[in-house]
Amino acid sequence: MSTRLRWLGHSALLLENDGKNVLIDPFLTGNPKAAITADEAPADLILISHGHGDHVGDAVAIAKRTGATVATNYEISEWLKNPARGLKRVEGLQHGGGFTFDDWVRVKLTLAFHGSALPDGSNGGNPCGFLLTFPDGVKVYDAADTALFGDMALIGEEGIDLALLPIGDYYTMGPDDSIRAVKLLKPRYVAPIHYNTFPTIAQDVAAWAKRIETETDAHPVLLEPGDWFTIEK
């Protein structure tokens, strides 16, 4: 049993373990960097970090097609259950809380500093990141959209195998603060997300990776949209 990551472009992520799939922030339709279409996305569990359209994305359509459970914060969970969306298998967690899905993957909601208004203007509650623990012991931290914050050091105490950090700047932390985040989190591997999708968040990812190698103890993981990375324990 191994855990592997597929970057689908922007902040859309697919994590595969034991033949099951966790799909995170599935913004595929309208994503110029999307590696697959919404109709191709597998999912047993869908996680939504906050209410912005480039993170809610195609979650409703994919959940209806696959029958996946959707986990997010309480406010977004209620929005998803509204008859206008009509999802039934929804879990509304809150920050600091966790849940083990199908005796398989444990998901804990972490802090994130960002906005969360939903596409129709509804209240999306507070944004979050995710700490996932798989049966093989692999721990993955998806910071999602956030600024740098000091409590990343507490998250790092969990023992992170792979951290996924936004580096695009403008809407989230940029390269400089992401380096500081890595120093707090102390992951074995780190991969960048939320960059180069649009001109506003364009970054030199090769230069970022070099800084990770020279300024931290983590190993940078650079993926093209659609690429896989196996997280060795």
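**Close-up 1. Arg 4 and Glu 16 pair up across two strands.** Arg 4 makes a salt bridge with Glu 16, and their closest N and O atoms sit 2.7 Å apart. By salt bridge we mean a side-chain nitrogen of Lys or Arg within 4 Å of a carboxyl oxygen of Asp or Glu. Arg 4 belongs to strand S1 and Glu 16 to strand S2 (residues 12–17), so the pair ties together parts that are 12 residues apart in sequence. Strands here are DSSP runs of E with at least two residues, helices are runs of H or I with at least four, and both are numbered from the N terminus. Both partners are partly exposed: Arg 4 has 27% relative accessibility, and Glu 16 has 23%. For the terms, buried is under 20% relative accessible area, exposed is over 50%, and partly exposed is in between (1.4 Å probe, protein chains only). This is a predicted model, in which local features need pLDDT of at least 70 and side-chain atom pairs count only at pLDDT 80 or more, while totals for chains, interfaces and linings use all residues. Residues are numbered from 1 along each chain as its sequence is written, and side-chain values use heavy atoms, with hydrogens and water left out.

Close-up 2. The structure holds nine salt bridges. One of them joins Asp 120 to Arg 85, with the closest N and O atoms 3.9 Å apart. Asp 120 sits in the loop between strand S8 (105–111) and strand S9 (128–133), and Arg 85 in the loop between helix H3 (74–81) and strand S6 (90–93), so this pair ties together parts that are 35 residues apart in sequence. Asp 120 is partly exposed at 47% relative accessibility, whereas Arg 85 is buried at 14%. Then there is Asp 176 with Arg 211, whose closest N and O atoms are 2.6 Å apart.

Close-up 3. Asp 142 is in strand S10 (residues 139–142). Asp 142 is buried yet has no salt bridge, and the nearest side chain of opposite charge, Lys 108, is 16 Å away. In this charge count, Lys and Arg are positive, Asp and Glu are negative, and His and the chain ends are not counted. What the Asp 142 side chain does reach is the backbone nitrogen of Ala 144, at 3.0 Å. Beyond its neighbours within four places in sequence, Asp 142 is in contact (heavy atoms within 4.5 Å) with Leu 13, Ile 24, Gly 129, Phe 130, Leu 164 and Ile 193.

Close-up 4. A cavity is a set of points on a 1 Å grid over the protein atoms alone where a 1.4 Å probe fits but cannot get out, and lining residues have an atom within 4 Å of a point. Leu 5, Trp 7, Leu 13, Leu 164, Ala 191, Pro 192, Ile 193, Val 221 and Leu 223 line the largest cavity. Strand S1 (3–9) and strand S12 (189–193) are the elements giving two or more residues to this lining, and S12 gives the most, with three.

**Close-up 5. Phe 99 and its contacts.** Phe 99 lies in strand S7 (residues 98–101) and is partly exposed, at 38% relative accessible area. Not counting residues up to four places away in sequence, Phe 99 touches Leu 93, Val 105, Arg 106 and Val 107.

Close-up 6. Asp 25 has a phi near 45°, a positive value in a residue other than glycine. Asp 25 sits in the loop between strand S3 (20–24) and strand S4 (45–47) and is buried, with a relative accessible area of 0%. Lys 186 isn't a glycine either, and its phi is positive at about 55°. Lys 186 is in the loop between H5 and S12, and is exposed at 63% relative accessible area.

Note on methods: A polar contact is a pair of N or O atoms within 3.5 Å; within protein, one must be able to donate a hydrogen and the other to accept it, and residues adjacent in sequence count only if both atoms are side-chain atoms. On a 1 Å grid over the protein atoms alone, a cavity is a set of points where a 1.4 Å probe fits but cannot get out, and a pocket is an open set with protein on both sides within 12 Å along at least five of seven lines; lining residues have an atom within 4 Å of a point.
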